[in-house]
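Please keep the sequence and the structure in view while reading.

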Amino acid sequence: MGFLSGLSAVLAFRTIPTTILITVIYAAIFSTLLVTDQLPSVPKHTRGLDFQQAYRDLHEVAARPHPFNSHANVLVRSYILNRVKDIASSYDHVSVDFDLSSNASWASGLLSTSPYAVYYESDNVLVKVEGSDKEYQESGGLLLSAHWDSVSTAAGATDDGMGVVTLLSMVKYFAEHRPSRTVVFNINNGEEDGLNGAHVFIEHPWVNITDTFLNLEGAAAGGRPLLFRATSRAPLTSWSTSRPHANVITGDAFSRGVIRSGTDYSVYEQAGLKGLDFAFYRGRSRYHTKYDSIPGMSGDKSKNALWAMMEGTLSSSLVLANDVKGQTRTESVGQGSEPVYFDLFGTVMIVFTFQTLWIVNIVLLTVGPVILLMLVYFEHIIRVTSRIRSGYYRAANGDAHHESFVARVSAEIKYFLKGFWVWSKFWTALLLGVGFQVLLAVGYANLNPFVVHTHPWLVFVSALSLAYLTTVLALTFPLTKHGVVPAPEQQKLSVLLHQYVLTWALLVYTTSVVTLGGTYFITAWNAVVLLGAVLACVEGMAGARGYEDEEEIGRQRRYVRGVHYDAVGSAENGHQDSENGHQHADVVEETEPTEITPLIAQHGQPTPLGEEQGAIGWWIAQLLVVVPLPVILVSHIAVILLLAMNQTLTDGTSPFGVYGAVSMLALLIILPLAPFSMNMHRWLNGIILIVFILSTLYTYLAFPFSQETPLKVYFAQSVDLDTSRVVTALTGPRQFLSTAIIPRFPSAIDQAVNCTDAPDKLGLQTCKWEVGDAFVPSPGGSKRHYGQGPTSSLQKWVTASIKRKSNSARIKVQGLNTRSCTLQFSGKRVKRFHLSGDGGKGLQGGSEVPEDGLEQIRLWSRDWEKEFEVDVDFAGREDEKATGRVSCGWAEYESATVGGGRTGGKIPSLEEVLLFLPEWAVVTKSSAALFDAGWEFEV
């Protein structure tokens with residue numbers, strides 16, 4: 001008996017063993033996930049890549065902001081061009097094309113209320129490494145792409161300097177290790193202003209060589225890069241890096257419009273290429289700011305981030321460029337061929353098609369319920385039969401005959417309510433969990449909406465601990481008078497069955513309505529709960545201990561071949577117990593012997609009331625089946641979404657969306673332990689309650705920004721050449737912008753500051769004020785007078801002419817020291833346009849002007865101070881007037897041109913913002929131009 005008691009204490013379904021095992025499982029999953037999620041250090045042997053040269057290249061590329069419309073951009077282009085020419089000079093199979101002939105026009109924003117068109121002239125740097133296999137020298141090649149331009153407020157170390165220097169390393173690598181297939185490098189310009197460099201590459205003949213691509217991007221500022229999305233399954237076979245980091249849920253977010261930004265991937269996919277998008281995604285608060293720089297990443301983070309991108313690119317490129325069998329090109333076509341993929345702890349990639357997922361879902365939805373219903377029925381029959389044989393029902397009926405009618409009715413009601421609670425407590429726990437998570441999210445959104453910006457893990461801990469408390473406390477209520485859970489195995493089976501119903505309903509929804517690959521974890525959850533429920537049913541059929549409550553145990557009787565022997569109470573024992581303050585169950589004793597009494601005395605050993613029940617071993621197998629896998633899968637998703645979304649509120653993301661996602665993920669991580677939660681130790685529950693209170697109070701009260709995780713505010717300035725008025729605009733959260741930021745600026749003192757809701761950023765406001773002469777910007781000198789400052793008055797910054805004929809017009813516009821101008825139409829829209837000198841090509845394939853016409857035409861030239869000549873045809877009647885604005889934009893300012901690219905451009909208001917912002921805030925650009933100047937027109 002001592003051995004069995006010891007074994008029960010360790011392996012039975014009891015409080016301490018259950019608490020320990022569940023704690024160990026969750027701790028192991030979380031710790032392993034966080035450890036493997038760290039950036040890898042740069043190894044001594046870098047697999048043939050020259051890391052030190054790449055890091056030197058990064059210092060040149062990311063030395064200062066270099067947007068397309070800056071002379072610093074030309075310096076970076078010259079450096080890249082010289083680097084690839086130097087490599088190509090030593091290898092006959094490497095050629096360089098500095099593309100100064102391609103141009104393209106296309107329509108964009110077609111689904112928005114403000115559709116626009118773009119005209120762009122190429123200055124891309126293209127490299128071709130000819131493959132060794134003649135069959136794949138002119139077709140079936142690989143495209144590697146990154147952009148060298150940055151935004152005007154960032155040096156662009158991660159967006160996209162690391163992508164560019166990675167490609168420079170790959171040019172050298174493939175030059176030395178000639179691939180089987182031809183590899184084309186598109187090191188392009190103008191991505192930040194509308195994916196322009198990728199669009200114009202589609203016009204270059206080298207695009208016809210390629211059929212697969214890998215795009216390198218920076219959608220944030222550092223951290224561990226992620227495989228953002230994939231066009232199809234075949235290219236994913238290349239993603240077998242030593243540390244893969246990928247999840248289809250990010251691709252789903254792009255396809256459903258949850259992520260509104262774009263990368264060059266979109267252009268290549270639209271052009272019919274198959275490929276991958278590899279990008280940084282963490283640290284949005286530093287993205288497009290001065291902190292996206294080498295000094296902006298502390299310690300070795302910049303080196304480690306660069307190596308992570310280089311290693312992933314090399315591993316994938318080697319497979320894609322040397323695939324002579326076509327394994328990375330062979331595609332299954334048709335509905336359901338979309339890929340489903342995710343990594344596990346950065347060690348292995350799981351890849352299959354959505355069609356496979358759909359088939360598994362259908363099998364689980366149809367076969368699973370049938371199997372489970374049969375097993376539940378057999379388990380019930382076996383249990384009822386066992387009770388009949390043991391005389392349980394006769395004993396219960398015998399007791400009932402000695403009770404009054406009221407007592408019997410009361411007992412029946414009690415029995416019904418107890419049964420109803422057992423079968424409804426899981427849904428009660430679920431409703432409580434959802435309800436309290438909603439309250440928590442609403443509390444964050446209203447009291448401290450930006451706290452997740454700086455404290456994402458504390459917010460997650462708060463939601464996770466709340467999910468645990470609502471689940472465990474609801475499922476452990478009520479305890480018996482002895483403080484133990486009655487019939488734990490029976491309750492475990494009940495919760496498993498109800499959890500199966502929940503996962504089955506979710507699976508129906510994800511299979512028939514949502515149809516997204518990112519719901520794969522629902523499939524896995526349903527499968528493991530089904531298996532766990534099957535094991536629990538088998539356990540019940542095997543007669544495992546723990547399926548009876550105290551009432552059933554209290555009715556234990558002694559029978560011989562169906563003969564009933566009553567248990568009697570010992571008055572002496574009862575008296576002694578009452579004196580000690582304890583009350584025990586009746587002791588089973590022998591009655592007086594009769595003619596049917598067995599010759600050998602049989603002393604029963606019933607389970608003492610108040611002692612924990614629970615079968616040995618069964619629950620461990622069920623827990624290991626049901627809990628780890630869904631927790632692992634959802635935790636991987638949680639890490640990606642938490643670190644991708646936590647700093648997007650300053651971009652205009654709804655706080656309810658962010659906190660709602662955090663709460664949902666926390667609940668999904670906790671729910672798998674529900675079938676075993678009734679045995680969680682009360683001390684652990686108390687500790688988690690304290691954790692919840694402290695984390696929630698802190699995050700409700702903490703200041704949401706810091707120098708490490710600053711608040712982004714968006715800067716723009718506009719000059720009205722008709723009136724010479726100069727207006728500065730800042731966009732940011734209303735609770736900080738107008739009270740804690742703008743009053744710091746000298747230019748805003750004693751000025752009327754007008755704040756309105758930002759038109760394109762939810763929950764933010766835009767504040768505008770007019771500035772004096774000291775804050776008037778300057779476009780700088782013309783290309784003939786670099787460094788001499790402005791050479792003309794305000795009115796000569798932009799020269800324009802408009803001539804209308806019938807329902808058409810010819811518009812000419814030219815800006816001083818700029819490569820960018822814009823035509824805005826506020827009355828009649830434009831249904832057709834073309835530029836002189838574009839060769840009459842018209843719009844790029846797959847691009848059409850919407851039926852209602854265009855509101856804007858954006859013009860980009862490779863040359864400075866080009867005069868754009870645009871012919872437009874208006875929509876609507878001929879007698880309607882056409883109104884709008886002709887403007888040009890600039891992006892150069894003094895502090896951004898230290899060390900190179902200075903031509904006299906100045907933006908004093910931006911310098912003021914950089915100087916006077918609090919340390920917990922940082923400025924970024926609001927649009928492509930930091931300031932624009934223009935004329936209103938009416939023709």
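A disulfide is taken here as a pair of cysteine sulfur atoms within 2.5 Å, and on that basis the structure holds two disulfides. The model is a predicted one, and its protein chain contains 24 helices and 26 strands. The points below are grouped by topic, beginning with the chain as a whole.

**Overall fold and surface**

- The protein chain has 939 residues, of which 55% count as buried.
- Among contacts in the protein chain with a separation of 6 or more, 82% are made by residues 24 or more positions apart.
- A nonpolar patch on the surface is formed by Trp358, Ile359, Ile362, Val363, Val367 and Ile371, which together have about 480 Å² of accessible area.
- Ile371, one of the residues of this patch, lies in helix α11, which covers residues 354-390, and with a relative accessibility of 36% Ile371 counts as partly exposed.

**Helix α2**

- Helix α2 comprises the 22 residues 15-36 and reaches 32 Å from its first C-alpha to its last, which is close to the 32 Å expected at 1.5 Å a residue.
- The buried residues of α2 are Thr15, Pro17, Thr18, Thr19, Ile22, Ile25, Tyr26, Ile29 and Leu33.

**Disulfides**

- Cys755 is joined to Cys767 by a disulfide with an S to S distance of 2.0 Å, and because the torsion about the S-S bond is about 110°, this disulfide is right-handed.
- Since Cys755 lies in strand β16 (residues 754-757) and Cys767 in strand β17 (residues 764-770), the pair ties together parts that are 12 residues apart in sequence.
- The sulfur atoms of Cys821 and Cys888 are 2.0 Å apart and form a disulfide, which is right-handed, with 85° about the S-S bond.
- This pair links distant parts of the chain, with Cys821 in strand β20 (residues 820-825) and Cys888 in strand β24 (residues 883-890), 67 residues apart, and both Cys821 and Cys888 are buried.
- With bonded cysteines counted along the chain, the disulfides follow the pattern 1-2, 3-4.
- Cys537 has a relative accessibility of 0% and therefore counts as buried.

**Salt bridges**

- The structure holds 29 salt bridges, and among them is the one between Asp37 and Arg282, whose closest N and O atoms are 2.7 Å apart.
- That pair links distant parts of the chain, 245 residues apart, with Asp37 in the loop between α2 and α3 (51-61) and Arg282 in the loop between β9 (274-280) and α10 (301-321); both Asp37 and Arg282 are buried.
- The side chains of Arg810 and Asp871 meet in a salt bridge with an N to O distance of 2.7 Å, and this pair also links distant parts of the chain, Arg810 being in strand β19 and Asp871 in strand β23 (residues 868-874), 61 residues apart.
- Arg810 counts as partly exposed at 39% relative accessibility, while Asp871, at 16%, counts as buried because the cut-off for that class is under 20%.
- Arg810 and Asp871 also belong to a network of salt bridges that links them with Lys812 and Glu869.
- Asp879 and Arg877 form a salt bridge in which the closest N and O atoms are 3.1 Å apart; Asp879 counts as exposed at 60% relative accessibility, and Arg877 counts as exposed at 52%.

**Local backbone features**

- The peptide bond that joins Asp159 and Asp160 is cis, with omega about 5°, and Asp160 is found in helix α5 (residues 157-176).
- Leu195, a residue other than glycine, has a positive phi near 60°; Leu195 is found in the loop between β6 (183-188) and α6 (196-201) and counts as buried at 15% relative accessibility.
- Ser806 likewise has a positive phi near 60° in a residue other than glycine; Ser806 has its place in the loop between β18 (798-805) and β19 (808-815) and counts as partly exposed at 44% relative accessibility.

Notes:
Residues are numbered from 1 along each chain as its sequence is written. This is a predicted model: local features need pLDDT of at least 70, side-chain atom pairs count only at pLDDT 80 or more; totals for chains, interfaces and linings use all residues. Side-chain values use heavy atoms; hydrogens and water are left out. Helices (H or I, at least four residues) and strands (E, at least two) are DSSP runs, numbered from the N terminus. The expected span of a helix is 1.5 Å times one less than its number of residues. Buried means under 20% relative accessible area, exposed over 50%, partly exposed in between (1.4 Å probe, protein chains only). Patches are made of residues with over 30% relative accessible area and no salt bridge: like charges are joined within 9 Å, nonpolar side chains (Val, Leu, Ile, Met, Phe, Trp, Tyr) within 5 Å. Accessible areas come from the Shrake-Rupley method with a 1.4 Å probe; for residues, only the protein chains shown count as cover. A salt bridge is a side-chain nitrogen of Lys or Arg within 4 Å of a carboxyl oxygen of Asp or Glu. Contact means heavy atoms within 4.5 Å.
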